[in-house]
Amino acid sequence: MCQEIRRNLMSQLLIQHYLNELQTLRRVSGTSRESVVREAFKTLLKDWGKSRDLIFIPEYEYITPSKGRRLIDGALLHALRVPLGYWEAKDEADDLDEEIEKKFRRGYPQDNIVFDDSHTAVLIQNKNEVMRCGIEEVAQLEKLLNLFRAGPGNLHRAISGVSA
């Protein structure tokens, strides 16, 4: 129980750090381009994953069922190199839903993937949208990350906060 409380507090702190870093990147760079602002979400996933014994791999090579090669912005892996899930950043000027559909047509994984455009995060599990939230909604973003961590098929465990 205490460990779960610590993890929840850690998640909230990491999300707040992410929001601060995102704001700083936008202010200092003067841009909201994906290539600039995605670094903040990448840091969130790296630190959040590390607190859960997961390893973040940037530019993760994914082989599609039709043997195509795709470079996904990132993946969180268990120590045995088994992917927990994937992450793909999109430009905030893009239509996020359209970009998600494009990626899926290209063979991107649909079992456990988070898309973000620095305004909205979308979690897809087992080819279905499980959750969508504004990135500034700390409690909702934390819930999305917990669902992501629990993986597809573990909705009850993620919502109740029981560790996977």
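Guide: Let's start with one spot: L77 stands opposite P83 in β3. Before going on, note that this is a predicted model, where local features need pLDDT of at least 70, side-chain atom pairs count only at pLDDT 80 or more, and totals for chains, interfaces and linings use all residues. Residues are numbered from 1 along each chain as its sequence is written, and side-chain values use heavy atoms, with hydrogens and water left out.

Visitor: How do you know that β2 and β3 are paired strands?

Guide: Two strands pair if DSSP finds at least two bridges between them. β2 (residues 69–77) and β3 (residues 83–89) are joined by 4 bridges, so they pass. They run antiparallel. In general, strands of a sheet pair through backbone hydrogen bonds, either parallel or antiparallel.

Visitor: What counts as a helix or a strand here, and how many does the protein have?

Guide: Both are DSSP runs numbered from the N terminus: helices are H or I with at least four residues, strands are E with at least two. By that rule the protein has 5 helices and 6 strands, and from the N terminus they run α-α-β-β-β-α-β-β-β-α-α.

Visitor: What makes β1 and β6 edge strands?

Guide: The open sheet of 6 strands has the order β1-β2-β3-β4-β5-β6, with mixed pairing. β1 (55–63) and β6 (128–134) each have a single partner strand, so one side of each has no neighbour in the sheet. On average, neighbouring strands here are turned by 30° against each other, direction ignored.

Visitor: Which strands does helix α3 lie across, and at what angle does it run to β4?

Guide: Helix α3 (residues 96–105) lies across β3, β4 (112–116), β5 (120–125) and β6, at about 140° to β4. Axes are lines fitted to C-alpha atoms, for helices over the stretch in contact, and angles run from 0 to 180 degrees between N-to-C directions.

Visitor: Is T64 called buried or exposed, and why?

Guide: Buried means under 20% relative accessible area, exposed over 50%, and partly exposed in between (1.4 Å probe, protein chains only). T64 comes to 3%, so it's buried. T64 lies in the loop between β1 and β2. Leaving out residues up to four places away in sequence, T64 touches R70, R106 and G107, where contact means heavy atoms within 4.5 Å.

Visitor: Why is the F41 and W87 pair called stacked?

Guide: Rings of Phe, Tyr and Trp (its six-membered ring) pair if their centres lie within 6.5 Å; planes under 30 degrees apart count as stacked, over 60 as edge-to-face and the rest as tilted. That gives 6 aromatic pairs. F41 is in helix α2 (residues 34–50) and W87 in strand β3, 46 residues apart. F41 is buried at 0%, and W87 at 1%.

Visitor: What makes the pair of Y60 and Y86 tilted?

Guide: Their centres are 5.8 Å apart and their planes stand at 50°, so the pair is tilted. Y60 lies in strand β1 and Y86 in strand β3, so the pair ties together parts 26 residues apart in sequence.

Visitor: How do you know where to be careful?

Guide: Check pLDDT, the predictor's confidence in each residue, from 0 to 100. The protein averages 88, but residues 155–164 stay under 50. Where pLDDT is low, the predicted coordinates should not be read in detail.
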